[in-house]
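Welcome! Have a look at the model below, then try the exercises that come after.

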Amino acid sequence: MTMANTPARVCPLAKKCGGCQLQNLSYDEQLHLKQATAIRLLGRFGHVEEIIGMKDPYHYRNKVQAAFYTDKKGKIISGVYQSGSHHVVGIDSCQTEDVIADKIIVAVRKLLPSFKMTTYNEDTGKGFLRHILVKRGFATNQIMLVLVTGTPVFPSKNNFVKAILKQFPEITTIVQNINPYRTNLVLGDNQKVLYGKGYIEDILCGCRFRISPKSFYQINPVQTEVLYGKAIEFANLKGNETVLDTYCGIGTIGIIAAKNGAGNVIGAELNGDAVRDAIVNARANNLKNIRFYKADAGEFMREAADEDEKPDVVFMDPPRAGSDRKFLDSLIKMSPKKVVYVSCNPETLARDLAYLTQNSPYKAQKIQPVDMFPHTAHIECVCEIFK
């Protein structure tokens with residue numbers, strides 16, 4: 001926590017938006033609060049290392065999403081949903097979001113009237129543009145623009161693509177994602193590539209990764225290198241281990257492990273788009289010692305345990321809800337020498353550690369908090385677990 005004592009840069013929309021809960025604190029104060037929270041929740045399981053913060057805790061988000069809405073006066077608003085509601089708070093620039101992504105979203109909003117494009121109305125289920133998603137590879141500077149529409153018909157799409165590319169020639173691909181359903185999910189199942197390859201690439205920990213509109217990729221690439229670096233360090237790979245990478249997404253941790261000493265890596269992920277990207281990513285990194293399966297992590301672990309698989313190391317990177325009993329019971333049955341748990345929620349990490357330590361010989365050796373989301377209350381941790 002040796003950051004400069006940066007005074008709080010309070011965003012005028014902080015209270016309306018609700019996305020940055022800690023903006024009233026200096027960055028040092030934020031880190032101290034997160035460290036105290038991690039110790040309170042996890043200190044009983046093992047030593048909590050000093051939280052690793054960012055040198056520059058602003059504009060770190062490589063993925064920016066905006067909802068679109070037309071107010072009663074006919075003015076088009078783009079921004080984020082107010083925390084816990086479906087009210088859109090108009091935002092042109094955000095202190096945590098990539099600067100170029102914010103500018104692209106504003107430019108699209110300004111283009112809509114000249115193309116007679118309407119915004120989607122949640123009450124009537126009618127209208128064209130619902131959301132915009134921009135992803136940027138910070139290492140490659142490749143940019144993806146995803147237009148989420150309520151209908152597949154895109155009037156003047158070629159002219160629209162030309163108009164936005166004229167303003168932002170650095171955009172490398174544009175995708176139309178079609179979501180006609182009344183749902184809270186941003187992306188629909190069908191999409192059309194309007195320009196470019198339909199994906200971007202980025203480089204993380206020396207490995208190249210393909211990122212599709214629907215595939216998960218960590219939002220803060222600077223701190224992701226720190227987080228995954230710690231996960232590989234905790235795994236302490238010697239060169240002949242069998243490694244399971246569960247909840248593997250596009251294969252990031254498994255691919256980095258395969259390139260950094262693992263003998264044989266098996267990845268499991270439920271999202272089919274992510275699995276396809278993971279297979280391409282392994283090929284792009286010339287790795288022959290890794291393979292991926294489309295499967296629910298808990299189900300995959302149960303089947304592997306029933307078949308008496310004996311991995312040496314298991315990486316687990318579950319969603320905010322944490323893991324489930326099926327997964328943890330299978331993990332205990334498999335009895336790997338080491339487990340590396342990457343957590344985005346210290347509360348569910350504490351719950352899962354309590355279950356593991358009460359029902360098996362496993363103990364948490366080191367717990368490393370990493371500040372992945374400055375100005376928010378979120379805390380990411382890497383935990384080294386062994387018998």
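Predicted model: local features only at pLDDT ≥ 70, side-chain atom pairs only at ≥ 80, totals over all residues.

**Exercise 1.** Find the order of the strands in the open sheet of seven strands, and name its edge strands.

*Solution.* Start with the order, which is β4-β3-β2-β5-β6-β7-β8, with mixed pairing. Next, look for strands that pair on one side only: these are β4 (88–90) and β8 (190–195), the edge strands. From one strand to the next, the twist averages 30 degrees. Now pick out β6 (residues 143–149) and β7 (residues 171–178), which run parallel and are joined by seven bridges. Within this pair, Val 146 stands opposite Val 175 in β7.

**Exercise 2.** Which residues touch the most other members of the largest nonpolar core?

*Solution.* This core has 51 residues, and the ones to pick are Phe 209, Ile 255, Ile 290, Phe 292 and Phe 315. Helix α5 (residues 221–235) gives the most to the core, with six residues. Then follow Ile 255: beyond its neighbours within four places in sequence, its contacts include Phe 209, Ala 278, Leu 287, Ile 290 and Phe 292.

**Exercise 3.** Decide whether Arg 283 is buried or exposed.

*Solution.* First locate Arg 283 in helix α7 (residues 272–284). Then check its relative accessible area, which is 60%. Exposed means over 50%, so Arg 283 is exposed.

Methods:
Residues numbered from 1 in each chain as written. Heavy atoms only, no water. Core = buried A, V, L, I, M, F, W, Y, C linked by side-chain atoms within 4.5 Å. Buried < 20%, exposed > 50% of the residue type's maximum accessible area, 1.4 Å probe, protein only. Helix = DSSP H or I, 4+ residues; strand = E, 2+ residues; numbered from the N terminus. Contact = heavy atoms within 4.5 Å. Pairing = 2+ DSSP bridges. Axes fitted to C-alpha atoms, helices over the stretch in contact; angles between N-to-C directions.
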